[in-house]
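Please read it with the sequence and the model in view.

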Amino acid sequence: MAGSFLGFGALLASLGIDLRAGLASNVLIWALPGQVVFMDMWARGADVLVIALAVSVTAVRLLPMVVLVLVTARLPGAPRWPEFLLAHFTAVTMWIMANQQIESIDMHRRLPWLLGLGLALMAGMLVFTCLGFVLADRLPPVLAAALVLFTPAFFLLSMVASARWRFDYLAIGLGAIIGPLATAWLPDFDLLLAGLVGGSAAFLLARPRRRGAA
Amino acid sequence: MTGALTMLGALLGAGFAVTYVWRFLGVLAVKRIEPEGDLLLWVRAVATALVAALVMRITFDSAGVLAETAVLSRATALAMALAAYYLFRRVELGVAAAVISLAAAEILLRPLM
């Protein structure tokens with residue numbers, strides 16, 4: 001995860017975006033795919049509504065993630081506001097770390113523990129983003145380019161690693177093929193189009209069959 | 001430039017809102033929703049395809065330092081990333097393979113291309 005934010009810092013430098021905006025996106029969006037979509041589209045001068053829509057599409061996956069983290073930590077009858085705070089810190093790395101360690105933590109301490117984890121991760125990633133931004137400027141161009149490549153390589157492998165159904169693989173392939181075509185055809189909506197067409201086609205073609213379903 | 005930065009700041013606020021809304025719904029839905037229902041699986045497919053398109057775009061169609069490298073070097077790097085991932089089943093090793101392959105291809109092979 002540290003490496004991916006190092007790459008994000010380098011990507012910001014490469015896109016010519018103000019470091020402060022990148023750091024603000026860490027705190028405000030706190031989900032790397034959304035942040036990268038945001039910065040990439042902003043650098044290309046995309047329409048703000050299209051940016052907002054594309055960022056939101058990448059964020060829907062946070063809904064089940066929040067549910068899965070909360071069911072391990074919430075206490076019935078406790079006030080709910082800390083849950084809304086925790087939701088903001090919930091993203092993929094925290095979810096994975098919580099999965100690995102939450103069982104060993106006393107039920108009453110889980111929510112504060114998760115909040116601390118989220119806050120520590122966020123603080124750490126602010127540092128790594130700065131570091132990547134500065135490194136991209138100081139390193140020889142070949143190494144700076146390698147640092148920028150970090151982000152797409154990390155996304156690609158994370159998707160492959162978390163693929164559980166056939167439609168996941170199909171969605172990766174179709175998105176990768178439709179993306180460049182859509183850029184040529186409808187550059188303003190290319191990411192949304194690739195997502196909507198590629199994702200829907202993948203889901204319909206390889207719809208998961210459920211146990212117990214006839 | 002200050003105007004652009006203000007605009008960017010305002011848009012980041014919107015970025016927060018459109019992201020947090022799903023987290024908010026997650027908290028509300030915690031007692032009701034099935035995390036692996038059809039609707040959320042479809043959304044997962046759409047987001048996956050969108051991010052795959054993003055991967056292609058950052059890698060092959062961006063300005064900045066990556067554009068200075070050969071397209072073949074970048075394609076090789078992503079292929080090596082997948083190969084290393086399937087070999088070792090570790091995302092970190094795959095990413096390391098991509099980074100090293102890109103640098104190696106550029107330093108060693110660029111003079112030959």
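The points below take up the interface between the chains, then selected helices, and then single residues.

1. The structure is a predicted model.

2. The interface between the chains. In chain A, 84 residues are in contact with 62 residues of chain B. Helix α9(A) supplies the largest share of the chain A side, 20 residues. By residue type, that side of chain A divides into 60 nonpolar, 17 polar and seven charged residues.

3. The pairing of α9(A) with α4(B). These two helices pack at an angle of about 145°, and their axes are 8 Å apart. Their crossing is right-handed. From α9(A), the contributors include Val142(A), Leu149(A), Phe150(A), Phe154(A), Leu157(A) and Ser158(A). From α4(B), they include Val91(B), Val95(B), Ala98(B), Leu102(B), Glu106(B) and Ile107(B). The residues of this contact divide into 17 nonpolar, two polar and one charged.

4. Helix α4 of chain B. This helix covers residues 91-109. Its 19 residues should span 27 Å at 1.5 Å a residue, and the 26 Å between its end C-alpha atoms agrees with that expectation. Among its buried residues are Val91(B), Gly94(B), Val95(B), Ala98(B), Val99(B), Leu102(B) and Glu106(B). What do the buried residues of α4(B) pack against? Their partners are α1 (2-15) and α9 (141-162) of chain A, together with α3 (71-88) of chain B.

5. Ser158(A) lies in helix α9 of chain A, and it is one of the residues through which α9(A) touches α4(B). Is Ser158(A) buried, exposed or partly exposed? It has 19 other C-beta atoms within 10 Å. Since burial requires 20 or more, Ser158(A) is classed as partly exposed. Ser158(A) and Met107(A) are separated by 51 residues in sequence and by 30 Å in space, C-alpha to C-alpha.

6. The pairing of α5(A) with α8(A). Within chain A, helix α5 (residues 62-73) and helix α8 (residues 110-138) pack at an angle of about 135°, with their axes 8 Å apart. The two helices are therefore oblique to each other. Their crossing is right-handed. Val69(A), Thr72(A) and Ala73(A) of α5(A) meet Arg110(A), Leu111(A) and Leu114(A) of α8(A). The residues of this contact comprise four nonpolar, one polar and one charged.

7. The pairing of α4(A) with α11(A). Helix α4 (residues 48-59) and helix α11 (residues 190-205) of chain A cross at roughly 35°, and their axes come within 9 Å. This crossing is left-handed, whereas that of α5(A) and α8(A) is right-handed. On the α4(A) side are Val50(A), Leu53(A), Ala54(A) and Val57(A), which meet Leu191(A), Leu192(A) and Gly195(A) of α11(A). Six of the residues in this contact are nonpolar, one is polar and none is charged.

8. Helix α3 of chain A. How many residues of α3(A) are buried? Eleven of the twelve are, and the helix is thus mostly covered. The buried residues include Leu32(A), Val36(A), Phe38(A) and Trp42(A), as well as Gln35(A) and Asp40(A). Gly45(A), which follows α3(A), has a positive phi, near 70°.

9. Two residues with a positive phi that are not glycine. Most residues other than glycine have a negative phi. Trp30(A), although not a glycine, has a positive phi of about 50°. Trp30(A) sits in the loop between α2 (19-28) and α3 (32-43) of chain A. It counts as buried because 24 C-beta neighbours lie inside 10 Å. In chain B, Arg89(B) has a positive phi of about 60° and is likewise not a glycine. Arg89(B) is placed in the loop between α3 and α4 of chain B. With 10 other C-beta atoms within 10 Å, Arg89(B) is exposed, whereas Trp30(A) is buried.

Conventions: Residues numbered from 1 in each chain as written. Chains lettered and ligands numbered in written order. Predicted model: local features only at pLDDT ≥ 70, side-chain atom pairs only at ≥ 80, totals over all residues. Helix = DSSP H or I, 4+ residues; strand = E, 2+ residues; numbered from the N terminus. Expected span 1.5 Å × (residues − 1). Contact = placed C-beta atoms within 7 Å. Axes fitted to C-alpha atoms, helices over the stretch in contact; angles between N-to-C directions. Parallel < 35°, antiparallel > 145°, perpendicular 65-115°, else oblique. Left-handed = near helix turned anticlockwise from the far one by under 90°. Nonpolar A, V, L, I, M, F, W, Y, C, P; charged D, E, K, R; others polar.
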